[in-house]
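Please look through the sequence and the model below before reading on.

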Amino acid sequence: MTTTPDPGYADLLQSAGFQPSRRVPIPDLRWPEGVRCVVNFTLDFDAMLLRRLLNEPWGQRAKGEFCGRVGIWRILDMFDEQGVKVTVFTPGRICELYPKALHRAVAAGHELADHMWEHDVASDPAIEAAHLSRTVAALTEIAGQPVIGTRSSHSQSLLRQNGVLYNSFTSASRLPLYEYDEQGENPILQLPFHYALDDAMFFSFGWLATPNQAQRIMDVDEVFDIWWQAFEQEYQRGGYVNFLLHPFVSGHAMRVDMLERLIQRMKTLPGVWFPTCADVARHILTQHPLNKIEG
Ligand SMILES: [Zn+2]
């Protein structure tokens with residue numbers, strides 16, 4: 001039997017292998033003294049930008065407006081009451097649309113990080129570069145300090161040129177890892193999230209005539225149970241949890257209330273740390289730098 005060479009298979013093989021391919025796990029990852037499990041709460045402040053990009057109907061875009069006017073404020077109030085610092089992944093355009101919400105986040109000690117200019121990475125490299133530098137500059141001005149994180153598929157060389165030290169854009173592992181680009185260069189720290197901890201998977205429905213046919217509005221108590229179990233599994237392993245929340249989804253009162261109950265229950269266990277992604281990144285880059293792992 002003759003087989004036709006499959007040009008994609010080598011790529012598949014490389015992805016399936018963990019080391020020495022693109023993704024480098026961090027052996028014996030240790031958290032700061034007294035910490036057993038790290039919980040990152042991350043907010044993707046998309047507002048209506050993705051909806052606009054997909055040319056969705058007005059009902060979908062109105063949900064995005066709710067994010068900027070109500071959702072982000074309500075959810076940040078809850079995190080502040082709980083003393084939990086979060087990372088707000090923000091498209092650059094939000095600096096023009098909802099600057100007060102971003103200033104409010106910064107004043108409370110939350111982190112701002114890149115989430116593309118208008119929720120899209122341009123295929124033209126010159127436009128991509130302009131978008132990233134414009135977003136980083138706009139966020140840095142509001143944050144009053146360097147922006148070191150992203151949630152995007154921007155090229156890693158461009159990210160590094162712009163001072164970005166970590167990305168939170170993979171589900172390839174349950175623990176933080178280093179990732180090289182497709183040329184085997186420009187390694188960057190990845191703080192993985194998981195779709196089972198993404199609020200949109202449980203609570204986001206598609207409006208009439210939207211290309212998104214999914215209809216999902218789950219009972220908050222059911223999601224509470226799923227998320228508690230996910231946290232507990234990682235807690236037992238001394239691991240890492242990264243919740244991906246959208247204020248247009250989770251900024252509704254019943255979901256904010258559920259998140260607050262979840263945090264309160266997590267706090268009943270010793271050694272749970274709720275840092276920003278930047279805090280986690282700085283800890284790993286200092287204590288587990290790539291050159292030490294690769295020797
Ligand atoms: Zn987004």
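Which residues does the UniProt annotation "domain: NodB homology" cover? According to that record, an unreviewed entry, the annotation covers residues 73-149. In this model, which is predicted, the chain over residues 73-149 is 55% helix and 12% strand, and the end C-alpha atoms of that stretch are 22 Å apart.

Helix α6 takes up residues 125-143, and at 1.5 Å a residue its 19 residues should span 27 Å, which agrees with the 27 Å between its end C-alpha atoms. The buried residues of this helix are Glu 128, His 131, Leu 132, Thr 135, Val 136, Leu 139, Ile 142 and Ala 143. Seen down the axis of α6, these buried residues fall within an arc of 130°, so they line one face of the helix. They pack against β3 (87-90), α4 (94-97), α5 (99-107), β4 (111-114) and α7 (156-161), whereas the face of α6 turned away from the buried side carries the exposed residues Ala 126 and Glu 141.

Elsewhere in the chain, helix α12 (residues 277-287) contains His 283. With a relative accessible area of 14%, His 283 falls under the 20% limit and therefore counts as buried. Leaving aside neighbours within four places in sequence, His 283 is in contact with Arg 30, Trp 31, Pro 32 and His 288.

How values were computed
Residues numbered from 1 in each chain as written. Predicted model: local features only at pLDDT ≥ 70, side-chain atom pairs only at ≥ 80, totals over all residues. Heavy atoms only, no water. Helix = DSSP H or I, 4+ residues; strand = E, 2+ residues; numbered from the N terminus. Expected span 1.5 Å × (residues − 1). Buried < 20%, exposed > 50% of the residue type's maximum accessible area, 1.4 Å probe, protein only. Arc of directions from axis to C-beta. Contact = heavy atoms within 4.5 Å. UniProt positions renumbered as here; feature names shortened; annotations may be inferred.
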